[in-house]
Amino acid sequence: MKLFVQAPIGPQTGLAEIDVIPDHTIGEVKQQVCTSFGVDAATVALMYGGIILDESNTIGKAGIPENAQLALMPYNIIGGNGR
Amino acid sequence: MSYVAISGEVIDRVVREARDHPDEQVVGVLLGGQSGNAIVIDDAATGAAESNSSHVTLTGDSIAKIADDIINKRIGGSIVGWYHSHVRGGVFMSETDVETQLKLQQFSPMVTAMVIDTQTGKSGFFRADAKTKGAVLIPPQNVRTEVVQPAEMALPAPAPSPVSSAYYPQAPPAAAPPAISIRTILLVVLFITLAVTAGMVALVYYRGSGGGGTSCGNLAVKHNPPQSPFTIAHPITFDANVTGSNLSNVTLAYRIIEQDPSGRGYMVGDLRQFPMLLKAAGKDTYSFTLPGSEVSGLFINYYITAFDTSGNTARSDVYTLSVGDFQWTRDRTDEVIVTRTIAQIVSIDIDPINSFSRAVTIKVVGPVPLGVLIAPINSQVVPPQKAQLRITTADNAQLFSRAEVEIDAVYVPPGGGAIQIIRSTTLILTVTDFDMEVFSPPVPEVHPDKEITYTLELKTYDGFTAPNGFQISVNSLPAKATWKLVLVDYRIDKGQMADMKYDLVIDVESGTKTGLYLFSVVITVVRSDGTISHDVTNIQLKVV
């Protein structure tokens with residue numbers, strides 16, 4: 001099945017098209033996408049439908065349909081005025 | 001140096017948000033696009049955040065909702081920056097801020113941080129230097145603010161309308177940009193995005209297929225990936241059929257993708273490139289063997305490139321090989337409590353990764369408390385077969401609370417020389433028991449028809465359990481004597497050790513024959529996994 005992953009950060013956002021099988025885990029897909037985008041996988045999460053996807057879950061169990069568009073985004077954005 | 005053009009309405013909004021929260025920081029993302037070498041910010045968004053006066057976190061859930069809104073076009077543009085306020089300290093980038101900025105700059109070096117001083121309402125724009133881990137201020141003269149007219153803001157149609165060229169500053173000495181509206185620029189950005197997207201759809205992700213390859217002129221690479229399964233520390237040979245005239249060299253480029261030690265993510269290794277050599281036995285076949293010492297991680301991404309002397313290149317598809325590995329089950333928090341003299345068997349899960357199916361050797365590295373023996377029941381297991389450890393303890397084994405004992409699973413590839421793949425876990429081991437003492441009175445003498453009191457102290461150590469209680473017996477007393485225990489004191493300390501103090505009262509009835517008696521006290525604990533018994537013998541009792 002085909003999925004799209006978008007990283008809507010930066011003025012020219014990247015989009016990757018991925019062939020997966022329902023047994024692929026979210027973590028595996030994230031790893032592949034991070035490699036393509038050149039992003040440290042430890043800092044980002046895959047998101048879909050406004051929620052963070054559980055990396056141990058499979059595409060099938062997460063209920064992600066064919067041609068779904070996922071987002072690759074940071075886990076969080078943290079600001080502070082000290083350490 | 002690049003430039004920032006920000007809508008005055010956005011500045012007003014985020015500064016007002018900051019000043020409305022004088023005691024806590026606010027955070028959000030900046031939305032917009034790009035014009036030339038300028039970031040154009042024309043909107044901002046935020047969501048649920050965890051905040052106090054010194055830190056603020058825009059949660060993953062909030063980011064997920066914003067991402068969903070962007071993807072589904074409920075909000076325009078993309079994330080070109082982020083903003084947050086400082087309740088105190090003014091406009092600067094803290095170490096935390098720089099870390100966040102670098103995290104976002106992975107996606108684009110143009111992403112910009114905006115910091116607002118809650119007290120003064122002043123703001124500054126920053127980026128971060130990945131090498132120095134320092135903040136880089138975008139000079140105020142490179143930041144332009146445009147007051148967008150409310151009527152213009154309200155226009156729904158993307159009809160271009162000219163605005164001041166000052167809105168989209170360009171790097172000197174470049175010529176001033178054509179007068180265009182923010183919507184026009186966003187349309188251009190959208191067009192660029194779609195164009196880049198189309199390119200990336202074709203290029204960013206490659207799924208290997210048999211015999212895949214590309215050609216340029218008469219230069220061609222045909223490659224079939226090596227046959228799985230692949231196993232950590234086992235060499236992998238890559239062959240490719242390369243044809244073309246004036247061939248100069250053929251290279252294999254690969255990178256290793258390993259699991260992060262935290263288990264939460266992955267570490268992507270550097271791209272490494274090696275020349276492939278022409279096989280004497282196979283015409284046009286080039287080969288490279290990745291040595292076992294290099295085969296690690298969960299995945300290997302690679303591709304093969306051929307070069308000719310005219311500068312032409314041909315490249316294979318990019319392939320991903322899954323490498324078999326193993327690991328102890330993560331996040332184990334169970335603690336093993338063994339009671340002296342009672343043997344126990346502990347099972348620890350070993351997870352195979354990517355269909356790893358080789359035998360690993362289980363080794364107890366230690367340190368192990370004195371008098372404790374930990375030995376694997378099977379010295380070798382094939383994950384997901386569990387590692388089973390038999391723990392035996394002597395009756396005088398060292399009592400120990402939460403000893404950390406290293407257990408290794410070791411894989412030695414056949415013919416791998418000195419290569420050993422070692423995965424370690426820690427067994428948290430507590431050795432426990434109970435103890436008792438009997439203290440005689442200063443003069444252990446008693447007349448018939450009188451009582452004499454001894455002191456019995458019972459102590460249980462950390463982790464000890466007696467689900468069926470303690471069975472206490474007093475043996476070898478005079479025939480006409482009875483006994484009872486009276487609880488005097490009971491204490492439990494921080495280490496969960498319990499101290500119980502009893503009076504052991506012995507009633508010697510009249511008619512008891514005088515003389516010296518030696519009696520004993522035995523305490524027994526019967527549990528499902530065994531019986532533990534301690535005694536004190538030869539306690540003197542003189543009937544006078």
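**Pairs, contacts and cores**

Trainee: Which residue does B:T524 stand opposite in strand 39 of chain B?

Mentor: This is a predicted model, in which local features need pLDDT of at least 70 and side-chain atom pairs count only at pLDDT 80 or more, while totals for chains, interfaces and linings use all residues. Residues are numbered from 1 along each chain as its sequence is written, and chains are lettered from A and ligands numbered from 1 in the order in which they are written. Strand 38 (residues 515-527) and strand 39 (residues 530-543) of chain B pair in the antiparallel sense over 12 bridges, where strands are DSSP runs of E, at least two residues, numbered from the N terminus, and a pair needs at least two bridges found by DSSP. In strand 39 of chain B, the residue opposite B:T524 is B:S533.

Trainee: What gives the most residues to the side of chain B that touches chain A?

Mentor: If contact is taken as C-beta atoms, placed from the backbone, lying within 7 Å, then 60 residues of chain B are in contact with 43 residues of chain A. Elements that give two or more residues to this side of chain B include strand 2 (27-35), helix 3 (95-105) and helix 5 (182-203). With nine residues, the element that gives the most is helix 2 of chain B.

Trainee: How do the residues on that side of chain B divide into nonpolar, polar and charged?

Mentor: Here Ala, Val, Leu, Ile, Met, Phe, Trp, Tyr, Cys and Pro count as nonpolar, Asp, Glu, Lys and Arg as charged, and the others, Gly among them, as polar. On this basis, the residues of chain B that touch chain A divide into 28 nonpolar, 22 polar and 10 charged.

Trainee: Which residue just after helix 2 of chain B takes a positive phi?

Mentor: Helix 2 of chain B (helices being DSSP runs of H or I, at least four residues) has 12 residues and reaches 16 Å from its first C-alpha to its last, close to the 16 Å expected at 1.5 Å a residue, a span defined as 1.5 Å times one less than the number of residues. Its buried residues include B:I63, B:I66 and B:I70, where buried means that 20 or more other C-beta atoms, placed from the backbone, lie within 10 Å of a residue's own. Just after this helix, a positive phi of about 60 degrees is taken by B:K73.

Trainee: Which residues have the most contacts inside the largest nonpolar core?

Mentor: A nonpolar core is a set of buried Ala, Val, Leu, Ile, Met, Phe, Trp, Tyr and Cys residues joined through C-beta atoms within 7 Å, and the largest has 135 residues. The largest share of this core, seven residues, comes from strand 20 of chain B. Beyond its neighbours within four places in sequence, A:L72 is in contact with residues including A:V5, A:F37 and A:L46. The residues with the most contacts inside the core are A:M47 and A:L72.

Definitions and conventions:
Two residues are in contact if their C-beta atoms, placed from the backbone, lie within 7 Å. A residue is buried if 20 or more other C-beta atoms lie within 10 Å of its own, exposed if 12 or fewer, and partly exposed in between; C-beta atoms are placed from the backbone.
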